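Trainee: I would like to go through this model step by step. Can we begin with the whole chain and then turn to the side chains?

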Amino acid sequence: MLALLHEWLIAPFDYGFMRRAAVAGLALSLAAPPMGVFLMLRGMSLIGDAMAHAILPGVALGFLLAGFSLPVMSLGGVLSGLLIAVLAGSVSQMTGHREDSAMASFFLISLAAGVMLVSLGGSSVDLTHVLFGSILAVNTTALVLIAAISSVIVITLALIFRALVVECLDPLFLRGQGMQGSLVHGVFLGLVVLNLTAGFQTLGTLMAVGLMMLPATTARFWSKRLEGLITIAILLAVFASLGGLLLSYHLSVPSGPAIILLAGVGYVLSALLGRHHSLRAKLQRHAVPLGSPEPH
């Protein structure tokens, strides 16, 4: 039994590419879920998806200029994401349209432009790599970059944590304390862009948001407290990352989709069986105790 467990759970990580993929997954699992929790609390869950596509033109431009140079592609992705965020905010302020509507419009433009750029400068294989990533192909340079970006995100999030919580719940109080809510909001969006840029190499621009949002929305079924949401979301992301890598290794399936699908299975099970807001919790609330009078 122990030999079987070792063969399935430990032995795959004897390979260097699996160890690098695991470390990259763990780094992203520490940085991405807290961002997803705050996006969910702010009612901006779909903004993460929009921002994931907003980095695509910059990544594609970096690919055209330098090939598969991760630092250049990452820099392009950060600049592109920040530009789209600024443009969406500017359009929202000038026209009065909701920021999420402006972001959705720019995300569609960005997605089309990015796919067009990659298609013009490369093959379908290059396009697939950019859109869907390859965590098993992470090299030392990519690993250092992912770890560095994740560290910056975690440290910055810790520094602005209280202001971010207050800005989510009571932005007027934050302004009363002499802090600009727009500044906190801008820093937060910048962290989202950084996180998605770190994730595109492993999960691709189309699925990098999955490790951010799925653990966060799943945690909502198990906790009502902020610290509980963040802790559970991180644990779920770690489980999905390592479990997805093992599934990819043993079943010879793509690693990125395996990670996101495993996180998706966790979401569905939690929606059915979780402590809060799940189907089980709803049935328990509406169950009539045995022997109690029928309600009128």
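Trainee: What percentage of the residues of the chain count as buried?

Mentor: This is a predicted model, in which local features need pLDDT of at least 70 and side-chain atom pairs count only at pLDDT 80 or more, while totals for chains, interfaces and linings use all residues. Residues are numbered from 1 along each chain as its sequence is written, and side-chain values use heavy atoms, with hydrogens and water left out. Buried means under 20% relative accessible area, exposed over 50%, and partly exposed in between (1.4 Å probe, protein chains only). Of the 296 residues of the chain, the buried share is 47%.

Trainee: How many helices and strands does the chain have?

Mentor: Both are DSSP runs numbered from the N terminus: helices are H or I with at least four residues, strands E with at least two. Along the sequence the pattern is α-α-α-α-α-α-α-α-α-α-α-α-α-α. The count is 14 helices and zero strands.

Trainee: Which element gives the most to the nonpolar patch?

Mentor: Patches are made of residues with over 30% relative accessible area and no salt bridge; like charges are joined within 9 Å, and nonpolar side chains (Val, Leu, Ile, Met, Phe, Trp, Tyr) within 5 Å. The nonpolar patch covers about 790 Å² (Shrake-Rupley method, 1.4 Å probe; for residues, only the protein chains shown count as cover), and its members include Trp222, Val265 and Leu269. Two or more residues come from each of α13 (255-273) and α14 (279-286). With six residues, the element that gives the most is α13.

Trainee: Is leucine 269 buried, partly exposed or exposed?

Mentor: Leucine 269 lies in helix α13. Its relative accessibility is 46%, so leucine 269 counts as partly exposed.

Trainee: Which side chains meet in a salt bridge?

Mentor: A salt bridge is a side-chain nitrogen of Lys or Arg within 4 Å of a carboxyl oxygen of Asp or Glu, and the count by this rule is one. Arginine 225 is exposed at 55% relative accessibility, whereas glutamate 227 is partly exposed at 44%. With N to O at 2.8 Å, the side chains that meet are those of arginine 225 and glutamate 227.

Trainee: Why is the pair of tyrosine 15 and phenylalanine 17 given the class it has?

Mentor: Rings of Phe, Tyr and Trp (its six-membered ring) pair if their centres lie within 6.5 Å; planes under 30 degrees apart count as stacked, over 60 as edge-to-face and the rest as tilted. The count by this rule is five aromatic pairs. For tyrosine 15 and phenylalanine 17 the centres are 5.8 Å apart and the planes are at 35°, so the pair is tilted.
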